[in-house]
Amino acid sequence: MRHPRALLSALLGVGLAAVLGAVPAGAATALPANSPAAGAETAATAAYAAYEGSKEDEKATRAFYEAVMESVAEKRAANPGAQAVTVVYNASRAPSFRSQIASSTSIWNSSVSNVRLVEGSNADFSYYEGNDSRGSYASTDGHGRGYIFLDYRQNQIYNSTRVTAHETGHVLGLPDRYSGPCSELMSGGGPGPSCTNAYPNAQERARVNQLWANGLAAAIARVS
């Protein structure tokens, strides 16, 4: 669930500064997730109209996915006997969304077989929370780490688990498909706030499995 492409480019320029200590835009003035949204819901919905119709910058999504893939590959190369491909995340900076992050993780782990998400140290990406008029998004600097930013107001308007699972889909390599139906997780806000589906469809599941079967082998070859 995404802001316009020009703003995305700016975010990619910010990169790891946010993950390594600086707080992503909007998080410094964060309010509790259960606090009343400023203004009426109709006004808030209008504020996110742009992202519903904008296409994901697929190059930026691929940069995030490849950064996470490289990070995982480095750890896998150091431990070649590991049986599962594991992507580690840090949720400590998004405490208001612990439940949604846990649900999103469970959804993805039950939906795909070639990659597994776990919370832990030495994370490949992190979750943040706060206020940002651009909504929720995923970003990276392309050097092995990235973050998902979860916006409070957007998560009050749209199903929060869907938002979180959607953004996590970018980590796993999926771009936005806003013209898709509600049954397609990566259609994001396209179907409107009434859409509560938080599960990837068969095509999305197959694509993630394909990406992590083929992409990881290539990534390991590059870092070995």
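**Salt bridges, strands and a disulfide in a predicted model**

Glutamate 119 is partly exposed, with a relative accessible area of 42%; here buried means under 20% relative accessible area, exposed over 50%, and partly exposed in between, computed with a 1.4 Å probe on protein chains only. The structure is a predicted model, in which local features need pLDDT of at least 70 and side-chain atom pairs count only at pLDDT 80 or more, whereas totals for chains, interfaces and linings use all residues. Residues are numbered from 1 along each chain as its sequence is written, and side-chain values use heavy atoms, with hydrogens and water left out.

The side chain of glutamate 119 meets that of arginine 98 in a salt bridge, at 2.8 Å from N to O. Such a bridge is defined as a side-chain nitrogen of Lys or Arg within 4 Å of a carboxyl oxygen of Asp or Glu. Because glutamate 119 lies in strand E2 (residues 116-119) and arginine 98 in helix H5, the pair ties together parts that are 21 residues apart in sequence. Helices (H or I, at least four residues) and strands (E, at least two) are DSSP runs, numbered from the N terminus. Arginine 98 also counts as partly exposed, at 39% relative accessibility. The structure holds two salt bridges. Arginine 134 and aspartate 132 form a salt bridge in which the closest N and O atoms are 2.6 Å apart, and both of these residues are buried.

The chain comprises eight helices and five strands, which follow the pattern α-α-α-α-β-α-β-β-β-β-α-α-α along the sequence. Of its 224 residues, 51% count as buried. Among contacts between residues at least 6 apart in sequence, 71% join residues at least 24 apart, a contact being heavy atoms within 4.5 Å.

Helix H5 spans residues 98-111 and has 14 residues. The distance from its first C-alpha to its last is 20 Å, close to the 20 Å expected at 1.5 Å a residue; the expected span is 1.5 Å times one less than the number of residues. Buried positions in H5 are Gln100, Ile101, Ser104, Thr105, Ile107, Trp108, Asn109 and Ser111. An α-helix has 3.6 residues a turn, so residues three or four places apart point the same way. Serine 104, located in helix H5, has a relative accessible area of 0% and is therefore buried. Leaving aside neighbours within four places in sequence, serine 104 is in contact with Thr161, Thr164, Ala165 and Thr168.

Threonine 86 is placed in strand E1 and, at 27% relative accessibility, counts as partly exposed. When residues up to four places away in sequence are not counted, threonine 86 touches Val72, Arg116, Val118 and Asp124. Threonine 86 and arginine 116 are 30 residues apart in sequence, with their C-alpha atoms 4.8 Å apart in space.

Aromatic pairs were assigned to rings of Phe, Tyr and Trp (its six-membered ring) with centres within 6.5 Å, planes under 30 degrees apart counting as stacked, over 60 as edge-to-face and the rest as tilted. By this rule the count is seven aromatic pairs. Tyrosine 89 and phenylalanine 125 form a tilted pair, 6.1 Å centre to centre with 40 degrees between the planes. Since tyrosine 89 lies in strand E1 (residues 86-93) and phenylalanine 125 in strand E3 (residues 125-130), this pair ties together parts that are 36 residues apart in sequence. Both tyrosine 89 and phenylalanine 125 are buried. Tyr128, Tyr137, Tyr147 and Phe149 form one aromatic cluster.

Strand E5 (residues 146-151) is mostly covered, with six of its six residues buried. Gly146, Ile148 and Leu150 point one way from E5, whereas Tyr147, Phe149 and Asp151 point the other way. E3 and E5 run parallel and are joined by six bridges; strands pair if DSSP finds at least two bridges between them. Glutamate 129 has leucine 150 as its bridge partner in E5.

One disulfide is present, defined as a pair of cysteine sulfur atoms within 2.5 Å. The sulfur atoms of cysteine 182 and cysteine 195 are 2.0 Å apart, and the link is right-handed, with 85 degrees about the S-S bond. Cysteine 182 and cysteine 195, 13 residues apart, both lie in the loop between helix H7 (160-171) and helix H8 (202-223). Cysteine 182 counts as partly exposed at 27% relative accessibility, whereas cysteine 195 is buried, with a relative accessible area of 4%.
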